[in-house]
Amino acid sequence: MDRLDVMVLRTMRQWMGQGSGVVLATVIRTWGSSPRPVGAMMAFNSEGHVVGSVSGGCIEDDLVHRYALSGARRPLPAKPVEFVEYGVSADEAHRFGLPCGGTLELVLEFAPERAGIDALLDLLEAGVLVQRTLHVETGHVELATRQVSPGLHADARRVVATLGPAHRMLLIGAGDLAFYVATIARFNGFEVTICDPRPERRAMLEGSGVASTTEMPDDAVTAFRPDPGSCVVALSHDPKLDDMALLEAVHSDAFYVGAIGSRRNNRARRERFIAHFGESEASLQGLRGPIGIYIGSKTPAEIAVSLMAEVIAVKNGVSVPRLASVGMAKDAGDAARVSPVCG
């Protein structure tokens, strides 16, 4: 689940606690290009304050203009739930800034139940995958825990959405690269934890502003409980730390497990795992390394961009071409340098 959508729910709870009227809007269908995915949320209150996003901005402004209970204190619509479409015509798409004639449909919940928002947040903050069923006729919401997400379904009677906790990232090894990666990851909605048990790194962890742990890496991975919304990235360059974490993580449900390092170091790591820890090429299929998309990166900041580009691609189900990976691109470069010139 997008970290922004979790923030929407938390802000709604705060507004409700202050006695403010709240409207929740959720994207339930898109056609063509769309700035935000199905399931994206925004909310606004009776003073016209907005949190979250369902488009590039124009639709948000229109919703607030039409429904916010400001000024003349407009009454709420008679029904607790309403479906709204934007971008059906070319004129509307142009007016609302939808790209390439994109269309989206929203479900609006007027005065959602405070108890339902509280319970939903409690489950999400506990790391639980939650199915939220909105009954269109009454506005009543039911919550149920799930193991997998079937996606979002909407019809005239119900809107069923599966909401999960924000994506999480565990970084092994504190240092400049870890903090650049953490910064980019947090901007992209990840909740980040940095693990480093080395005494000389503890002061750095304390001043990072990022969640941290000084547990041994394999214990940290176990405590992290990687799920399909999690990734584990080893950055320490110290086999005593990276190997322990990777051996634990590679057999978890994490969607991404990888390690920084040269092609030679990554080959040596795989050979160690096979020779001494009972692994095989098949069991190490999910272990990535060298990690990142090849952009000729040299500095920690550039390496962080390369690394996060690959993590985000995998998260979004995008297949990264083999020649775009760091290892394959460098192998191809080596081959080109040693190939004889013909002509």
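Modeller: Let's start with strands β1 and β2 (residues 41-45), which pair in the antiparallel sense.

Colleague: How do you know that β1 and β2 pair?

Modeller: Two strands pair if DSSP finds at least two bridges between them, and β1 and β2 have five bridges. The strands themselves are DSSP runs of E, at least two residues long, while helices are runs of H or I of at least four, and both are numbered from the N terminus. Bear in mind that this is a predicted model, where local features need pLDDT of at least 70 and side-chain atom pairs count only at pLDDT 80 or more, while totals for chains, interfaces and linings use all residues. Residues are numbered from 1 along each chain as its sequence is written, and side-chain values use heavy atoms, with hydrogens and water left out.

Colleague: What joins β1 to β5?

Modeller: Eight bridges, with β1 and β5 (residues 103-110) running antiparallel. R29 stands opposite E105 there.

Colleague: What makes β1 largely enclosed?

Modeller: Seven of the ten residues of β1 (residues 22-31) are buried, so the rest of the structure largely encloses the strand. Buried means under 20% relative accessible area, exposed means over 50%, and partly exposed is in between, using a 1.4 Å probe and protein chains only.

Colleague: Why is the contact of E109 with R132 called a salt bridge?

Modeller: The rule asks for a side-chain nitrogen of Lys or Arg within 4 Å of a carboxyl oxygen of Asp or Glu. For E109 and R132 the closest N and O atoms are 2.8 Å apart, so by that rule the pair is a salt bridge. E109 is in β5 and R132 in β6 (residues 129-135), 23 residues apart. Both residues are buried. By this rule the count comes to 13 salt bridges, and R10, R13 and E125 are linked in a network of them.

Colleague: What makes β12 and β15 edge strands?

Modeller: The open sheet has six strands with parallel pairing, in the order β12-β11-β10-β13-β14-β15. β12 (211-213) and β15 each have a single partner strand, so one side of each is left without a neighbour in the sheet. β12 pairs with β11 (residues 191-195) over three parallel bridges, and the partner of C195 in β12 is T213.

Colleague: Why are α7 and α8 called roughly parallel?

Modeller: Axes are lines fitted to C-alpha atoms, for helices over the stretch in contact, and angles run from 0 to 180 degrees between N-to-C directions. Under 35 degrees counts as roughly parallel, over 145 as roughly antiparallel, 65 to 115 as roughly perpendicular and the rest as oblique. The axes of α7 (residues 217-224) and α8 (residues 239-249) come within 7 Å and cross at roughly 30°, and that makes the two helices roughly parallel.
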